[in-house]
Protein chains: 2
Amino acid sequence: MYDIAIIGAGPAGLSAAINCKIRNKNVVIFGGAIESTDLLKASHMDNYLGFPDSTGIVLQEKFLQHVAKFSIEIKKEKILAIYDYGDQFQLTTKEGEYISRGLIIATGIPKTKTVEGERELLGKGVGYCATCDGPLYKGKIVAIVADTEEGEEECEFLSELCSKVYYIPKYKQEIEFKSDNIEILYEKVERVIGEKKVEALKLETRTLELDGVFFLKKNVPPSQLITDLRIENKFIGVDRNMATNIAGIFAAGDCTGKPFQVAKAVGEGTVAGLSCVSYIDKLKKSN
Amino acid sequence: MYDIAIIGAGPAGLSAAINCKIRNKNVVIFGGAIESTDLLKASHMDNYLGFPDSTGIVLQEKFLQHVAKFSIEIKKEKILAIYDYGDQFQLTTKEGEYISRGLIIATGIPKTKTVEGERELLGKGVGYCATCDGPLYKGKIVAIVADTEEGEEECEFLSELCSKVYYIPKYKQEIEFKSDNIEILYEKVERVIGEKKVEALKLETRTLELDGVFFLKKNVPPSQLITDLRIENKFIGVDRNMATNIAGIFAAGDCTGKPFQVAKAVGEGTVAGLSCVSYIDKLKKSN
């Protein structure tokens, strides 16, 4: 078990990590996309105090060295699901499952689009990880909306459990499945329909009655993985302590809104880190 | 006229300054107490991302070099009064008067105590600069509560204008005045009395009926200089853009609350700077 899991290895996540580690917390960073952070694209940076005339690459290197000095673990794994168990969180990746007491989201500018009803019905029939949630749909009808061919493997897996699987690829390619309860549809997804749980999926020319929909995306922002996380104007809603509306979850950096600046991310990372430390300490005292 | 005046030359003020300057704003920093910022006392600092194993002195030096590179002016003058004229502010120091369109307060941890009624009646009989506001009290009765002997000069000045001046020193010393309308009282000040304006000053053993009270302190936090600035739990109230409740005034760093960390100050300085730039740009467009 970790005290604190940090999702995102950009300036905000790294700044949070060193502050948590200095306060003797057991920290892990999930940073599947360090190589592609926006910071690296900055060819000239002059406004991070203390580092005039710098570049994104130079800063990133200095930041990673700072974190390395504290021997903080960075796992290059993509988070597929997050479960909130009240006083701890479970994070699922393709490689494994991890438990932490507190969570800091520092995943940068949110880039993934959602369709109508997707967010509202998350956890109520909408999911992002077929392997994780598939067993819930035994004998039922589901759809998979796949950004890449990685979805095909998950589709085969679901077809063994479910009575029927609709496969809706968003990539152009000839696809063949062995199972005969899979139907491939090349259509645009318009919205997820349902009140308390998913009832149907509206496509361009037809509507599928079903029990579950999996959106398999290249990147799912963790904000999307957590049911009930408050989003304000596309960004994670936080207070001045970088606390979200969910106890134990904090956020920092570009994912909380503009301005998209390294100094803001580093500052918010520090605040989120210290707030999370304080949350963990209270939690331990009360147990 | 300056576009932006920044009060405070610690990490928050300096970070704000470089961001405003990069956006081509005409900036001035008032930093009377650079020599005594809390940063300098830090013997070991490990949590400002990119600068492991540092000290307060080393960081401060790097920060000042960064600001010097942009040729940003730092005036070592103490702000005595601030007047809000709607779309511009007047700042008064012993040395002169300055006008700016926007204002960023970055003055660090608030350290000055106030007595009951002092803040409520600021600008309604309570003042911090006898030289500035003295002429308003011609022929009237005022009191001076002085932290240091510097108050004696202001007392002599007021005694020439006012019918009566009570001088209440908070330092131990034999004091002599030439004017016979000055009365020295060695008493503790308990509170300022008045509804819409100052009516009396309550001391330990007596109550003085009067028209004005000047508190001459070693340091007056600018937050105290601005009538109507919203204070929350002793700190300046700000939103996520570091805007205060007064249009054109932003705040950053320790003066906005905990945690008292360099990274938070630098991050907030960046946000306050960019928010103030945006405010100025809108102001110029609408004129």
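**Salt bridges, interfaces and packing in the predicted model**

In chain A, A:Lys164 is paired with A:Glu183 in a salt bridge whose closest N and O atoms are 2.9 Å apart; a salt bridge is taken here as a side-chain nitrogen of Lys or Arg within 4 Å of a carboxyl oxygen of Asp or Glu. The two partners are 19 residues apart and link distant parts of the chain, with A:Lys164 in strand S9 (residues 164-169) of chain A and A:Glu183 in strand S10 (residues 182-184) of chain A. Strands (E, at least two residues) and helices (H or I, at least four) are DSSP runs, numbered from the N terminus. Over all chains, the rule gives 26 salt bridges.

The model is predicted, and local features accordingly need pLDDT of at least 70 and side-chain atom pairs count only at pLDDT 80 or more, whereas totals for chains, interfaces and linings use all residues. Residues are numbered from 1 along each chain as its sequence is written, chains are lettered from A and ligands numbered from 1 in the order in which they are written, and side-chain values use heavy atoms, with hydrogens and water left out.

The interface of chain B and chain A brings 35 residues of chain B into contact with 35 residues of chain A, contact meaning heavy atoms within 4.5 Å. The area buried between the two chains is about 2800 Å², with 63% of it on carbon and sulfur atoms; buried area is the accessible area (1.4 Å probe) that two parts lose on being put together, summed over both. On the chain B side, B:Leu49, B:His66 and B:Arg240 lose the most area to chain A, together 28% of what that side buries. Six salt bridges are found across this interface. The side chains of A:Lys69 and B:Asp53 meet in a salt bridge, at 3.4 Å from N to O.

Within chain A, the domain assignment, from an automatic or database source, gives domain 1 (2-112 + 220-286) and domain 2 (126-216). The centres of the two domains, taken over C-alpha atoms, are separated by 31 Å. Seven residues of domain 1 are in contact with four residues of domain 2, and about 470 Å² is buried between these domains, 60% of it given by carbon and sulfur atoms. In domain 1 of chain A, the residues that lose the most area to domain 2 are A:Leu80, A:Tyr83 and A:Gln224, together 57% of what that side buries. The count of salt bridges between the two domains is zero.

A:Thr131 is placed in helix H3 (residues 130-133) of chain A. Not counting residues up to four places away in sequence, A:Thr131 touches A:Glu154 and A:Phe157.

In chain B, the axes of helix H1 (residues 11-22) and helix H6 (residues 262-286) come within 7 Å and cross at roughly 35°. Axes are lines fitted to C-alpha atoms, for helices over the stretch in contact, with angles running from 0 to 180 degrees between N-to-C directions.

Backbone features were also examined. The peptide bond from A:Lys258 to A:Pro259 is cis, with omega near -5°, and A:Pro259 is found in the loop between strand S17 (249-251) and helix H6 (262-286) of chain A. In chain B, the peptide bond from B:Lys258 to B:Pro259 is likewise cis, with omega near -5°.
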